[in-house]
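Please look through the structure below with the following explanation beside it, moving from the confidence of the model to its surface and then to its charged side chains.

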Amino acid sequence: MKLKICHLYPDVLNLYGDGGNIRCLTRRLQWRGMEAELVKMPIGSHESLAGVDLVFIGGGQDFEQQVLLEDLHRGRDEELRAAIEDGVTVLAVCGGYQMLGAYYETYDGQRCDFIGALDLYTVGARKRMIGNYMFRCDDALGGMTVVGFENHSGRTRLGSGVQPLGTVLAGFGNNGEDKTEGAHYKNVFGTYSHGPMLPKNPDFADLLLRTALERRCGSAELAPLDDALERMAHAEMCARLERERA
Amino acid sequence: MRVRAFLAIVLCKLLRFVSRLLHRGGTAMPGRWAQRICPGLLGILSRDVKVVVITGTNGKTTSARMIEQAFADEGKDYFANRSGANLLSGITTEFVMNSTLSGRCRKEYAVIECDEAASVSVFPLLKPRVIVVTNLFRDQLDRYGEVTHTLANVRTGIQGAPEATLCLNADCSLTASLADDLPNKHVFFGIEPGACPSGEKSELSDAPHCIRCKTEYQYDFITYGHLGAFRCPSCGYCRPAADYAVTDVTEQSAEGSVIVLNAHGKSCLAQVNLPALYNVYNAAGAVAAVTEMGLGTEAGIRAIEHFKCGFGRMENFALGKAGAKMMLVKNPAGCNQVLDFLCQIKKPFALVVCLNDRGADGTDVSWIYDAAFEKLVDCASYLGQLAVSGDRAADMAVRLKYAGVAPKALHIERDYEKLVSWIDAQEVPVFIIPTYTAMLELREAVIRKVGGDEFWV
C-alpha cells in the first residue's frame, strides 16, 4: 500500500519545522509496512496534483508572499480547489491555512485575494497571538486533544460552509475570541498549529493517514504503534497548559 | 540631567553590589533600573569611549572574545560585556560598572556584543567606531519575527550611528545588503569560493530570494545555510568582493582550523583556535574589526590563534574518562553546524541534547525539526550513549525518534545532577548541545562537580 504525499511550496512555506509533519506522516506509514511517495512542488513546478492522496501546505514569511501568490494564480489555485472538492486529504498550517480562504485583509485595510477553496477569511491585527496552545477536535473527528504552538497576527473568521476543526482549550485559535480553532471541510484540515504539529499528536497524524487511505482503498486499518515518547511529549504540554490555566 | 544620571549610576552600582552578595549575576537588572531613572544614560557614559560592537544571529560571543583578545594582547585599556547580557539593560550595567559616580567611563575602549533586536536602541546611544554584523539567520520567530524584520532593525540601528565603520559578512546576502543606502564606510569579510569544498544548496535556506527584487538566488559556491557566492540572475545583486577574505581553509580538525587570510591584498597563514567553519567566519570578522579599530591586522591574527572561548561555546570540561565539550545551540543554522562538526569526528562519542523553551531560548521549539538531526544516523557507528534533558526533553526525544535514532538508545534524564554523573561515567568524549538557559543551568551543575568560572566572570 502506498500513499502519494505532496509537500506544496516547500521552498517558501517552511517557516518553522514544517518539514517535521511530512517526516511524521512518512515514518508512520513506513512503520506499518506501507510506503510513502513524497513529491515536492516548489514555486515554478508544473507537476500536477493528479494522483496525490495527501497535500501538506506549511506556513511562510510575509517577504515571499507576493512570489507565492503569483505562482498560485498561474493555475495552481484552480487545481487545488478541484482536488479539495474531489476529497483529497489536505493539512494546511498557519499561512497555508489562511491561503485556502477567500482573502487576507491587512490591519490598514489592504486586501489580498487568496484561492477561496474554504469559506473563511482573515483580517490582520496589531497584536500577535503567540504561544503554546491546545484544542479539542470535533467529536466527529475523534475528539482528540491537539497541542501545538501558534504565532499569527491574522484573525480568521469561519463562514457557514466550513466547520471549526476544534474548540480552543488554552491559547487563541482562529481569532482569540470565538474559541474556534482551525477549519474542517471535506477532507481538508486547516490549523494555526504551526511547525511540526503531527509528531506530538499521533492520533491526529493517524486521522490524516486514515482519511487518505480510506479514499484510496475504501477502508483503512491502521496498526497500533509504540507512541510512548509521542504521548509523553503530548501529555507534558497538556499538563503544563492546564497548570497555567489554573 | 546630571542629577538623574548620578542617581541612576549610584542605584545601578548598589543593585549590582547586592546581587553579588546574593551570589547572583546582576548583569541586566541594575542597568534596567538605571535606564528607567535616566533614559539615555548609556549615551552619556559611552561619550568618550571607542566602542566596537558585534551583532548578528550567530557568532556574537565568539567574535567578541576574539576581538577582546587583541585588545588584551596590545595592552589596551578596555572592558567587555562578557556575561551574555547583550540588551540595552545589560550593556548599560557594564558601562556603569566601568564608570565613576560622575559618569565618566574609566576605560578607553569597549568590546560590546549586542542583541540584533536591541541594536535599534543601543547603536544610536553607543555611537560605535566599528560595527560587526556576523550573519543573519532565522532565529526564535516568537521573539524576533521574520529575518527581514531583524535586518530592518539592524539597519535602523546603524542609521543612528553614521560614523561607524561596518564590517559585514560578504557571504550573507541579508547582511551584505546593509551596505546599500547607508552612508557608513564599510568593509566585507568572507570565505572565497573554492577555499573549502562547497556545501549543498539547502532546501531550507533562510534567504532563498533576492532581498532587492525577490528573484531566486543562484549560487556558485556555498559554505553552509544561505552563506556563499550568491547572485541574483534578475537584478544582478551578488556577493561583494571581500576585503578580508579567507582564500584557503587548509586544515579542519576537532581542535581548530588553519586558514589563509588575505587582508586588503596581503596574504598570511593563520590558525583559528576553535573548530568548525562558522568559527572561520567569526575569525575573519574579528580580524576585520580589530584592523578597522586601528590595532593592526597582525594583532587580529594573533588573537584568533589563542583567545579564550566564551562559556558554553566549544567549552571543555574535565568530565568522564575522555572529557566533555559543551556547544551552545540556538537555532537551526547553528545547530546544523554543530551536527556537521560531530559527523567529522569519526571517533566514538556520547551525546547530550538539552532543550529548554524559556524566553532566552525561544518559547517555540519547532526549530528542532529544521535542524538536520538526521545527520546523527549517518554517524551512528560512532554515536554511543545518547541522553536528552531540559524542560522539553520529551519533544527532543520525539524529534530524535523521527530522525531515525532508535528510541531504545535514548536516555531521558531531567535531573542535572544525575545527568552530570551520567556524563562523568562515560568512557568516550561527551558532546553536550544545550540551548541557552539549559547551558547556564547545566554548566552550573558541571562546575559544582569539577570547578570553573561563574558565567559572569
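Chain B has an average pLDDT of 93, with 98% of the residues scoring at least 70, where pLDDT is the predictor's confidence in each residue, from 0 to 100. The model as a whole scores ipTM 0.96 and pTM 0.90. Where pLDDT is low, the predicted coordinates should not be read in detail. This is a predicted model, in which local features need pLDDT of at least 70 and side-chain atom pairs count only at pLDDT 80 or more, whereas totals for chains, interfaces and linings use all residues. Residues are numbered from 1 along each chain as its sequence is written, chains are lettered from A and ligands numbered from 1 in the order in which they are written, and side-chain values use heavy atoms, with hydrogens and water left out.

B:V3 belongs to helix α1 (residues 2–21) of chain B, helices (H or I, at least four residues) and strands (E, at least two) being DSSP runs numbered from the N terminus. With a relative accessible area of 61%, B:V3 is exposed, given that buried means under 20%, exposed over 50% and partly exposed in between (1.4 Å probe, protein chains only).

Turning to charged side chains, a salt bridge is a side-chain nitrogen of Lys or Arg within 4 Å of a carboxyl oxygen of Asp or Glu, and by this rule there are 43 salt bridges over all chains. One of them joins A:E37 and A:K2 (3.7 Å, N to O). Because A:E37 lies in strand β2 (residues 35–41) of chain A and A:K2 in strand β1 (residues 2–8) of chain A, the pair ties together parts that are 35 residues apart in sequence. A:E37 is partly exposed at 32% relative accessible area, and A:K2 is partly exposed at 39%.

Another salt bridge is formed by A:D227 and A:R28 (2.8 Å, N to O). This pair links distant parts of the chain, 199 residues apart, with A:D227 in the loop between α4 (202–217) and α5 (228–245) of chain A and A:R28 in helix α1 (residues 19–30) of chain A. Both A:D227 and A:R28 are buried. Salt bridges that share partners join A:R28, A:R32, A:D203, A:D206, A:D227, A:E230, A:R231 and B:K401 into one network.
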